[in-house]
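Please keep the sequence and the structure at hand while reading.

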Amino acid sequence: MSTTDLASGPEQPFTLSVPQADIDLLKQKLELVRFPDELDGAGWTYGAPLADVQRLVKHWASGFDWRAAEARINALPMFTRDIAVEGHDTLNIHYVHQKSEVANAIPLLFVHGWPGHFLEVRKLLPLLTVGGAEFPSFHVVAVSLPGFGFSEAPKKPGFVGRHYAEVLNNLMLSLGYKEYAYQGGDWGHALGMCVSTHFAHKHLKAWHSNMPLGRKPTFCAHPIAFLQDLLPYNAATREGLRATAEFRTKGSGYSAEQGTKPQTLGYSLADSPVGLLAWIYEKLVEWTDNYPWTDDEVLEWVSIYWFSRAGPTATLRIYYEMISDRGSLDGVKWTSIPLGLSYFPGELFRLPKPWAHTLGKVVLMSDHDKGGHFAAHEQPLALAGDVRKMFAKGGPAYGVVPGKDGYA
């Protein structure tokens, strides 16, 4: 995998400015909405409730101030850069790059998933870029994955795990970070495994995940974890397995559709802002741990998808490519770089802890009593605290990035 000729163009400052014509078209579409019917007393059983979606649509059309949200987003230090990808030419990649004032800050790559985006890092930035005395500080890079947010989308089929890993690694190298750490959840977790497989030790020095999605250990591959897994599960682990099984049978239909026929679904999401809103809003509510979403938060989140560079359909294809090409994940390897894990009670997959040892060299496991799938947005203090603990003096990953221990 090539790591030469990483950037085919210089870094460009990025300012978000959605054309007024696009905003006007959105409002026109919202005014022409035709809502479906709903069964009496359905609640959330059949999906996003009609009353919720109607309220959000009304606010999106006449109350939500996109220009104010845009101004807040533009307060972030955003950039784009052309990144070479073997077999896929170059892609223009959007990212946030918030530097610490601490010269020896640890370079940290933050990677989102679906239906997330780069703004998930916003609450973490003021937490991770400070410090340098009592706890480590970080230079944070939060990327928009190809096809998400304001990054260019791949134009050819077959953009799989190794290509995402190449984009992420080459972005960090192009910024001058030859060695770095990583944090991610959802697809950010899966792609963390890919980056570790291809670039561990030489470039990636440690990683942290808030979605500890491991596999059942086998005796040949992970004998100690296998033996630990033979012990009777406690009540919390049994409940986690029950919740995981329920999600797989009752909550994962979106993945089957996006992983098999993303183009067909994409027509609806690209043309109907109401359809897109309902599709994402359901996940924001059901995948979080009773997080008190405001309507403005939801609409800003969904608007990133609606106004995205490639459109919402492009964000679905990661499921098709990563699921249909089993080598994308089946080919990942266990590596011995430090791996930290955060366990939040509202996470979608709650698996026995011995399974996590199939992911890598686990050096930190942190349990939390609040938080769900979008931990960076729901519980930023807890997540930032885990990352700090992992890289702090005396921590299991202290000093893994040579010359950048995070302290002044």
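## Salt bridges

K155 and E152 are joined through their side chains in a salt bridge, with 2.2 Å from N to O, where the term stands for a side-chain nitrogen of Lys or Arg within 4 Å of a carboxyl oxygen of Asp or Glu. K155 is exposed, at a relative accessible area of 65%, whereas E152 is buried, at 17%; buried means under 20% relative accessible area, exposed over 50%, and partly exposed in between, with a 1.4 Å probe and protein chains only. The model is predicted, so that local features need pLDDT of at least 70 and side-chain atom pairs count only at pLDDT 80 or more, while totals for chains, interfaces and linings use all residues. Residues are numbered from 1 along each chain as its sequence is written, and side-chain values use heavy atoms, with hydrogens and water left out.

In the whole structure, 13 salt bridges are found. One of them pairs E11 with R81, whose closest N and O atoms are 3.7 Å apart. This pair links distant parts of the chain, 70 residues apart, with E11 in the segment before β1 (12–13) and R81 in strand β2; helices (H or I, at least four residues) and strands (E, at least two) are DSSP runs numbered from the N terminus. E11 counts as partly exposed at 30% relative accessibility, and R81 as buried at 10%. A network of salt bridges links D52, R55 and D295.

## Overall form

The secondary structure of the protein comprises 16 helices and 9 strands. For 408 residues, a compact globule would have a radius of gyration near 22 Å, and the 21 Å of the protein agrees with this; the radius is taken over C-alpha atoms, and the globule rule is 2.2 Å times the number of residues to the power 0.38. Of the 408 residues, 56% are buried.

## Helix α3

In helix α3 (residues 66–73), the buried residues are W66, A69, E70 and I73. They lie on the same side of α3, because the arc that they cover around the axis is only 100°, as given by the directions from the helix axis to the C-beta atoms. Their cover includes α1 (20–31), β2 (78–84) and α12 (295–306), by contacts of heavy atoms within 4.5 Å.
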